[in-house]
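Here's a quick tour for anyone meeting this structure for the first time. Have a look at it first, then read on.

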Amino acid sequence: MKLSIERLILPATPRPARWHGPTFSVENVRFSYGSTPVLKGITIEGIAPGKITATIGPNAAGKTTFFKCIAGLLKPEGMIRLDGTDIRDYSREEITQRVSYLPQESPVNAVLTVFEAVLLARKHTLSWRVSDEDLRSVTQVLEDLDIEDLSIRFLNELSGGQKQMVSIAQSLVRDPDVLLMDEPTSSLDLQRQLEVLDLIAHVTSERGIVTLISLHDLNLAARYAAQFVVMDHGAVYASGDADAVLTPQMLRDVYGVNATVVTNPDSILQITPIGSIRSKKSRVAAVP
Amino acid sequence: MAIEQGTLQPTGELTATKGRRIYRQITGRKYLVMVCLAATLCGTLILDISLGPARLGLWEVASTILMPGSAEVTTRVIVWDIRMPIALMAVVVGAALSIAGAEMQTILSNPLASPFTLGISAAAGFGAALALVMGLSIIPFAGIFLVSANAFVFAMIASMTIFVLSGLRGVTIETMVLLGIALVFLFSSLLALLQYIASEQALQQVVFWTLGSLVKATWPKIGIAVVVLMVTIPLFVKHVWALTALRLGDDKAHSLGINVRKLRLQVLISVSVLAAAAVAFVGTIGFVGLVGPHVARMLVGEDQRFFLPMSAMTGAILLSAASIVSKMITPGAIFPIGIITSLVGVPFFLSLILAKRRQLW
């Protein structure tokens, strides 16, 4: 990460939130696809608003399923509380207004322009006639993400990275209280990754919202997230701040990787993987 | 947005202006295309009415339409009782089939979906043949609507089969299309079986029906088709944004607060009624339901506020144009329109695909 901080479009330093923000907690959430348990009792007490929370863990750890449960796409057992009320007690409209979920990249080939696609994400406010407020929000987000020049391009003409930028715009334009993003930067180049995460960090602190992002790039997570939830085999392995969570022990246990963790001059943790642990199979077998 | 109003006001106004400009740029072109197509449709409709074995002048036809009272009786009968039902049926059925195809393609997220490829047309053909060959009526006392009623019932059976099976675990939207194709084969072979045992006279009728024809169009039939259109369209209009959002993928649509499953089933039912009604009256006209939506998509994209009326217009124009050609091929006779739509439509469609500037789907 050699990019100078001046390149970034917005300051990444958190600002004091203007409102107390939503309270969000998860209690013993369990979910199975058929007879296969995917979430085996997830409990996270109080995720602080205004800061990015990174959900990390290896493939098939249950991150996407967990996000879908929060967004109301799946109906799990247990409690997911937003402002003290279980998610299921909200109406569909309320959840749509308050929770914005960005799914992992999905192939979109609709014949829609970028502007139309982002406008569509404000479906909960749209009527047949499109309001000025909707048009303003869409334009603002496209400007913030620096993809205005794509406005009248068609989705099916875009590159993978451009499509992902559109998805991010769709997420942000909804102005949610809880922002869930599943691998939002997987197709982006290094500069875009930093810019997007900077913007998300800015929006999160400015609006005082709860932001959960799943990331595979742990160094990116270390730079932007203030809190971590480490998931493994459908359970929470650890949660807390970077120092408590991003340890060589965790990397060995969860990722099966030997790695060094050092603190950078700018006091951000840097993880350098060294190699895979051969005995991972036996560890998997030991998990009930 | 929760950004402070005070700091944002000047730039906010600027952003809104810019947004309006981009939005007008996107929608302005679509309105223009729609106006052009509406004019084209009027043109084909008038041309269709003015063509026929009795050589009536354009002016004579126009005055008979506008002032039926002052026209000669024969002219009035030709224009009002023979030509107009056929011409209007082409427009109504074309629109219905094309809308049905458009919404099928939308809810199944598949460019191959249409009343024809989902087995609805094949089932209708079998139902009609059942009436023509065996004299079997599914609805008692159907009277003059015997063939149409049978066709409608079987078309509904086909779509309800897809509907019921789609509720089963593990049935995805991809498998729904496969199910439809399986139904095409099932009903085609059942139809072939009936043709095999049919008398020569009945066989001729069956063949004629399956070729698709507008000549049996009457005002009451048009009335029914229009009513079906009027009943089903409000559902699509109510869900314009949701249907557009469906094309972003199920997860995204769901996270936008859309009950994807419910919407899909509601639309599937309405579309089935629409397609069944259209096919029941005119027989198997396969091509329009598939191509109409594709042409519309190329012209205005998939914002359903434009895509829906546009599909109706492209379908209506395609069938209206086919009706014109069907009268011109052999003077004095009307060629079966099902043959024409494909013969004329395929080269037209191929040229569109090959000349495309952007991806079709």
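How many residues does the contact take from chain B, and how many from chain A? The answer is 41 residues from chain B and 46 residues from chain A. Keep in mind that this is a predicted model.

**Where the chains meet**

- Put together, chain B and chain A bury about 4300 Å² between them, and 61% of that is on carbon and sulfur atoms.
- There's charge pairing here too: five salt bridges are found across the interface of chain B and chain A.
- On chain B, the side that touches chain A gets at least two residues from each of α1 (5–50), α9 (240–246) and α10 (250–255).
- Helix α1(B) gives the largest share of that side, namely twelve residues.

**The nonpolar cores**

- As a bit of background, nonpolar side chains tend to be buried together in soluble globular proteins.
- In this model the largest nonpolar core has 159 residues. The residues with the most contacts inside this core are Ile56(A), Leu145(A), Leu155(A), Phe228(A), Leu246(A), Met250(A) and Phe236(B).
- Helix α3 of chain B (residues 73–108) provides the largest share of this core, 15 residues.
- Chain A takes part through both domain 1 (5–246) and domain 2 (256–288), each giving at least three residues to this core.
- A second, separate core has 29 residues, including Val26(A), Ile80(A), Ile95(A) and Val229(A).

**A closer look at Thr341(B)**

- You'll find Thr341(B) in helix α14 of chain B, which covers residues 337–354.
- Is Thr341(B) buried or exposed? Thr341(B) counts as buried because its relative accessible area is 5%, and the cut-off for buried is under 20%.
- The side chain of Thr341(B) gets to the backbone oxygen of Gly338(B) at 3.0 Å.
- Not counting residues up to four places away in sequence, Thr341(B) touches Ile285(B), Phe287(B), Val288(B), Leu319(B), Ala322(B) and Val346(B).

How values were computed
Residues are numbered from 1 along each chain as its sequence is written. Chains are lettered from A and ligands numbered from 1 in the order in which they are written. This is a predicted model: local features need pLDDT of at least 70, side-chain atom pairs count only at pLDDT 80 or more; totals for chains, interfaces and linings use all residues. Side-chain values use heavy atoms; hydrogens and water are left out. A nonpolar core is a set of buried Ala, Val, Leu, Ile, Met, Phe, Trp, Tyr and Cys residues joined through side-chain atoms within 4.5 Å. Buried means under 20% relative accessible area, exposed over 50%, partly exposed in between (1.4 Å probe, protein chains only). Helices (H or I, at least four residues) and strands (E, at least two) are DSSP runs, numbered from the N terminus. Domain bounds come from an automatic or database domain assignment. Contact means heavy atoms within 4.5 Å. Buried area is the accessible area (1.4 Å probe) that two parts lose on being put together, summed over both. A salt bridge is a side-chain nitrogen of Lys or Arg within 4 Å of a carboxyl oxygen of Asp or Glu. A polar contact is a pair of N or O atoms within 3.5 Å; within protein, one must be able to donate a hydrogen and the other to accept it, and residues adjacent in sequence count only if both atoms are side-chain atoms.
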